[in-house]
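Colleague: Can you walk me through this one? I'd like to start with how the pieces touch.

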Amino acid sequence: MKKLQLDHHHSQVKYLSYFVGFILSIATTLLAYFFVVNELWPKEALVYIVMGIAVVQLVVQLVFFLHLGRGNRWKVITFAFAILIILIVVVGSLWIMQNLDYNMMTMSPEEMNQYMSENEGI
Amino acid sequence: MTRAEEEVAIHEKKALGFWIYLMTDCVLFATLFATFAVLRNATAGGPGGPELFDLPFVLIETMILLTSSFTIGMALLASLRGLKKQTFVWLFVTFALGVVFLSMELYEFMVLIGEGHGPQQSAFLSAYFTLVATHGIHIAIGLLWMSIVIVRLWRHNFKKTDVNRLALLGLFWHFLDVIWIFIFSFVYLIGGMA
């Protein structure tokens, strides 16, 4: 009998976790949407605000829907590793491409074609 | 170890394996996000995000997917408590929401392509279609999987292994919801700013 009550209590917590996660997700989505539609801030600031809200919602869904941190410890370790790889791929790509853009900015498309046919063999 | 404990241990191993697959899928999406971020201004003289995206339409899509993520959680909790009828109701609701989401996405693609803004128009649109359609294919596979789980639960009367399958499907569906939140924020909201 005691075990049954324990199980019951456990499932109540789980229901609560899904409700809280659902409401927080809806709230953060609407918040980001209304900030963008009503242009409450200049664009540069808005980009960072929307990114911040997306990360908040990521954490909300990880905790309340995917239950990260409960159960197997390897879930957290593999997740941390995936985040590392994702940051290297995304930040690295943007960094390299921006640098390339910056270095070639002074050339017109015609000059760039000429440069590539003379020096890169393209 | 008793037979029951053994089964729990096997399921734990499968769940971890599936989780690692999800993490590699995250890396796949990261490469597509990086490509989109690099090519976001490469419109080749064609229209960019602000002219193309219909934000209220995408907000509805987001809400639908978010709700389906919640309902599949409800289905899983109902199945763990042995509430069979409730499980099927929640699963059918989830399936219907998934179909509506996918139809809306296909409609959006058809409108864009119909207006001549297909993936061949610019590097920006190529990256956009690749990223969003990859998510859409995941949703389609998730729906196929969900229909198999529904049939199996019904035919085998909630066998333990089928309930475990539903738990993994739930993980997959929540994961797709997380990916969509990033598509919504980065592609549509940030990419759609004038």
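Modeller: First a definition: two residues are in contact if their C-beta atoms, placed from the backbone, lie within 7 Å. This is a predicted model, in which local features need pLDDT of at least 70 and side-chain atom pairs count only at pLDDT 80 or more, while totals for chains, interfaces and linings use all residues. Residues are numbered from 1 along each chain as its sequence is written, and chains are lettered from A and ligands numbered from 1 in the order in which they are written.

Colleague: OK. How many residues does the contact take from chain B and from chain A?

Modeller: Chain B gives 33 residues and chain A gives 36 residues.

Colleague: Which elements of chain B give two or more residues to that side?

Modeller: Helix H1 (3-39), helix H3 (55-80) and helix H6 (160-190) of chain B. Helices here are DSSP runs of H or I with at least four residues, strands are runs of E with at least two, and both are numbered from the N terminus. H1(B) has the largest share of the side that touches chain A, with 13 residues.

Colleague: And what's that side made of, by class?

Modeller: On chain B, the side that touches chain A has 24 nonpolar, six polar and three charged residues. Ala, Val, Leu, Ile, Met, Phe, Trp, Tyr, Cys and Pro count as nonpolar, Asp, Glu, Lys and Arg as charged, and the others, Gly among them, as polar.

Colleague: Pick one helix pair across the contact. At what angle do H2 of chain A and H6(B) cross?

Modeller: The axes of helix H2 (residues 43-64) of chain A and H6(B) cross at roughly 175 degrees and come within 10 Å. Axes are lines fitted to C-alpha atoms, for helices over the stretch in contact, and the angles run from 0 to 180 degrees between N-to-C directions. H2(A) and H6(B) are therefore roughly antiparallel to each other. For the cut-offs, angles under 35 degrees count as roughly parallel, over 145 as roughly antiparallel, 65 to 115 as roughly perpendicular and the rest as oblique.

Colleague: Which residues make that contact?

Modeller: From H2(A) they include Val47(A), Val50(A), Met51(A), Ala54(A) and Leu58(A). From H6(B), among them are His174(B), Asp177(B), Val178(B), Ile181(B) and Phe182(B). The residues of the contact of H2(A) with H6(B) divide into ten nonpolar, four polar and one charged.

Colleague: New topic: Val90(A). What does Val90(A) touch?

Modeller: Not counting residues up to four places away in sequence, Val90(A) touches Ala30(B), Phe33(B), Ala34(B) and Ala37(B). Val90(A) itself is in helix H3 (residues 73-104) of chain A.

Colleague: Why does Val90(A) count as partly exposed?

Modeller: Because Val90(A) has 17 C-beta neighbours inside 10 Å. A residue is buried if 20 or more other C-beta atoms lie within 10 Å of its own, exposed if 12 or fewer, and partly exposed in between, with C-beta atoms placed from the backbone.

Colleague: What about the loops? Where is Glu39(A)?

Modeller: Glu39(A) lies in the loop between helix H1 (2-37) and H2 of chain A. Its phi is positive, about 45 degrees, although Glu39(A) is not a glycine. Glu39(A) has 11 C-beta neighbours inside 10 Å and so counts as exposed.

Colleague: And in chain B, where is Asn157(B)?

Modeller: In the loop between helix H5 (123-155) and H6 of chain B. Phi of Asn157(B) is positive too, near 55 degrees, in a residue other than glycine. With 9 C-beta neighbours inside 10 Å, Asn157(B) counts as exposed.

Colleague: Back to whole chains. How many helices and strands are there in chain B?

Modeller: Chain B has six helices and zero strands. Of its 194 residues, 37% count as buried. Chain A has four helices and zero strands, and buried residues make up 15% of its 122 residues.

Colleague: Last thing, confidence. What is the mean pLDDT of chain B?

Modeller: The mean for chain B is 91, and 99% of its residues reach 70 or more; pLDDT is the predictor's confidence in each residue, from 0 to 100. Chain A averages 83, with 87% of the residues scoring at least 70. The model scores ipTM 0.85 and pTM 0.87.
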